[in-house]
Amino acid sequence: MYWIVFCCIIFILTSKLNSSGSERKLVRWKLNKNPLSRNLKFSLFVAFILWVLLGGYIYYQTNIVNSYWSKTKQQNFRVAYEKRLKKFEYHNQPEISDVNLQVELYPQKNSYTINGTYLLTNNSDTNISDIHIQKLLKEQVKISNITFDIATKPDSTYLDFGYLIYSLEKPLKPKESIAMEFTQKYSVSGLNISDVETKIIKNGTFFNNKDLPTLGYNRKYEISNAKERQQLALAPRKIIAKKSNQNELQNAVNGDDGYKINFEIVIGTDKNQTAIAPGTLVKKWEKDNRSYFHYKMEEPMVNFYSIVSATYEVSKSIWKNKNQENTALEIYYQKGHEYNINRMMESMQMSLDYYTTNFSPYPYQQIRIMEIPRYTQFAQSLPTSIPFSEDLGFMLDIDDTKDVDMAFYITAHELAHQWWGLQVAAANVQGRHMILETLAQYSAIMVLKQKYSKEKIQQFLKKELEIYWEDKGNYESKEKPLIEVENEDHIYYRKGVLVMHALQAYIGEDKVNLALRNFIKDWNLISPSFFQEKYPTTEDLMQYLKEVTPDMYQNTLTDLLEKVTIYDCKILDVICRERNDKNYELRITVGAKKYHILENGTKQVAPLKDWIDIEIYGENADGSSKIIALKEYKLDKNKSSFTILLSEKPSKVSIDPYYKLIEKNTTDNQKQIWFP
Ligand SMILES: [Zn+2]
């Protein structure tokens, strides 16, 4: 509105200018001596007054009703947070073991009230003498009524940071628990220009437990940008800890507030909306023109849950495990967004089949996908719940003749996190995203392979390789091997899926799955026997993979996951002749080079002893292409030739057709065969 009025003023002024001719506008502005007409003058006066009043209103709302946070103010706050509270980063705290929430959502007013109870358990072997509570640092969030079921003394020294300390009059001994109650309210007062929030909106509320009170110091409030830290005289900060960091080995990626919780929630919302959280829907009712939903998790789950509410249509199905036990599959979507529901539902069915056969049972009784507004550009997997941005799956326009079915693929990837992330958590150290994301990528492509042709898989892998090289340019840091990946998503997503797909092609899908099955068996935090002493790292994962890899592929395993290896392959020459016996003799000459990228970034020539695929295509009667041979050769020279005898007429040769090798230029990997 403010800017509309401003534009009106400019329009009135320029309309006068325009009437004097549009050329040399700025010069005319100074020279024009004709007075503005009376009507124009009056309009200009009214618009100006309106503009000033609106400006004043906005100032009042942003600076007095809400306190406006300039960049400097935010920076100073973060610096002070780190300087004063960092000492508590690894201060011994209990863990959340039970969560019980009463949530009242008011989507039309962009507000909520949550009355919550946490059970806090001392899982350490030393006494705990105080509880540190961190409120979400958002102006719209207010916390009140924090009480415990034992005597405490509050210390408000760090109240400015939303950080409250409660000294326990009697220390909490190992294995003992205390209950903590709290009320958290969220409301938007005045105009909220500096901090636009889209979590509680009229139709499409979505937030997760990271918005609720957390325990202890929170690194997310530190300044992370290296240059900014240097300018502010802050010590350099390791984005992700090394695998030797004992403190972070005991923290999972999802945080250190709790590793396994019991969960129950009642959510009230607008009458026409459906509210969704993890667990079985125990009861649903209406009261005071509002709808209520009571969910309870029958099994323990990781401390990671979301609260979603919107006006939904629902598509339901049932998946049966091998014992004929049912899992309810539900997709909640906005009316009119049903395009890809069948693809997503089929992907849920096929993913559950594949993951339960090859990894471990699915521990819960339902899985729900919930469409969320496009303010959020991701899908996220929480126990039994997958909030899924409308842009990612629901609204994709997929043409099966030319596209890869990404609604199917992303669904399979998110489902895979019900294993990688929610059954096996990764320690919060380097390589963590290989365990979470690369394994989800591997799982998803295996499901994609069950449904789609080799050509589709090729198309998918080719695109992943291209995105890898494109996105690599966005990172200044030296390329790390996958087992040490930090936040470089081109490595853990793109290269991850390429190398894991390659690994199963070399050693066999069964062997990779056996390794993953053993890995999940030993590290499944949902299992009653698991007690968190440390979470797994890629070093642990590698043990399982090495165990199943035959000797002849051990170096390949190292090249794929533990080193940065790149190749340069090409088809140099192809000669084909038809023999008297009607067979075809094909002589292929290929070039191949291999390099390792060292820690300091230098590219070093590496000895070639690699298994490389050569695929030969022929033609169907209708002229379409078909595969007539796929052979694996061990190359140990930069230039090698082979002769292949074929019973069908070949038309094209391709080296490394399934993108097992990380290679920049793949345009010279194919050659048409010409017959003289
Ligand atoms: Zn993921």
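Which residues in α14 meet which residues in α15? Met542, Leu545 and Lys546 are the ones on the α14 side, and they meet Gln554, Leu557, Leu561 and Glu562 in α15. That contact is one stop on this short tour of a predicted model. The protein has 15 helices and 26 strands, and 51% of its 676 residues count as buried. Among contacts between residues at least 6 apart in sequence, 70% join residues at least 24 apart.

**The zinc site**

- Three residues coordinate the zinc ion: His413 and His417, each through NE2, and Glu437 through OE, at 2.0 Å.
- If you want to find these donors along the chain, look for the spacing H-x3-H-x19-E.
- Are the two histidines, His413 and His417, buried or exposed? Both of them are buried.

**Helices α10 and α12**

- Helix α10 covers residues 432-451 and helix α12 covers residues 489-507; their axes come within 8 Å and cross at roughly 60°.
- That angle makes α10 oblique to α12.
- The crossing of these two helices, α10 and α12, is right-handed.
- Sorted by class, the contact of α10 with α12 has eight nonpolar, six polar and two charged residues.

**Helices α12 and α13**

- Helix α12 has another partner here, helix α13 (residues 509-523): the two axes come within 6 Å and cross at roughly 115°.
- From α12 the contact uses Met500, Leu503, Gln504 and Ile507, while α13 supplies Glu509, Lys511 and Val512.
- The classes in the contact of α12 with α13 are four nonpolar, one polar and two charged residues.

**Helices α14 and α15**

- Back to the opening pair: α14 (residues 538-548) and α15 (residues 554-562) pack at an angle of about 155°, with their axes 10 Å apart.
- These helices, α14 and α15, are therefore roughly antiparallel to each other.
- The crossing of α14 and α15 is right-handed.
- The residues of the contact of α14 with α15 divide into four nonpolar, one polar and two charged.

**Two buried residues in strands**

- Cys576 is found in strand β19, which spans residues 564-578.
- With a relative accessible area of 8%, Cys576 is buried.
- What does Cys576 touch, leaving aside its neighbours within four places in sequence? Its contacts are Tyr584, Glu585, Leu586, Pro650, Ile673 and Phe675.
- Lys649 is 73 residues from Cys576 in sequence, with 9.3 Å between their C-alpha atoms.
- Tyr292 has its place in strand β13 (residues 290-296).
- Its relative accessibility is 11%, so Tyr292 counts as buried.
- Setting aside neighbours within four places in sequence, Tyr292 is in contact with Glu104, Val266, Ile267, Gly268, Lys283, Lys284, Trp285 and Lys287.
- Thr269 and Tyr292 are 23 residues apart in sequence and 6.5 Å apart in space, C-alpha to C-alpha.

- Most residues other than glycine have a negative phi.
- Asn110 is not a glycine, yet it has a positive phi of about 50°.
- Where does Asn110 lie? Look in the loop between β1 (95-106) and β2 (111-121).
- At 23% relative accessibility, Asn110 counts as partly exposed.
- Asn145 is not a glycine either, and its phi is positive at about 55°.
- This residue, Asn145, lies in strand β4 (residues 141-148).
- Its relative accessibility is 54%, so Asn145 counts as exposed.

How values were computed. Residues numbered from 1 in each chain as written. Predicted model: local features only at pLDDT ≥ 70, side-chain atom pairs only at ≥ 80, totals over all residues. Heavy atoms only, no water. Axes fitted to C-alpha atoms, helices over the stretch in contact; angles between N-to-C directions. Helix = DSSP H or I, 4+ residues; strand = E, 2+ residues; numbered from the N terminus. Parallel < 35°, antiparallel > 145°, perpendicular 65-115°, else oblique. Left-handed = near helix turned anticlockwise from the far one by under 90°. Nonpolar A, V, L, I, M, F, W, Y, C, P; charged D, E, K, R; others polar. Donors = N, O, S within 2.8 Å, 3.2 Å for Na, K, Ca; no water. Buried < 20%, exposed > 50% of the residue type's maximum accessible area, 1.4 Å probe, protein only. Contact = heavy atoms within 4.5 Å.
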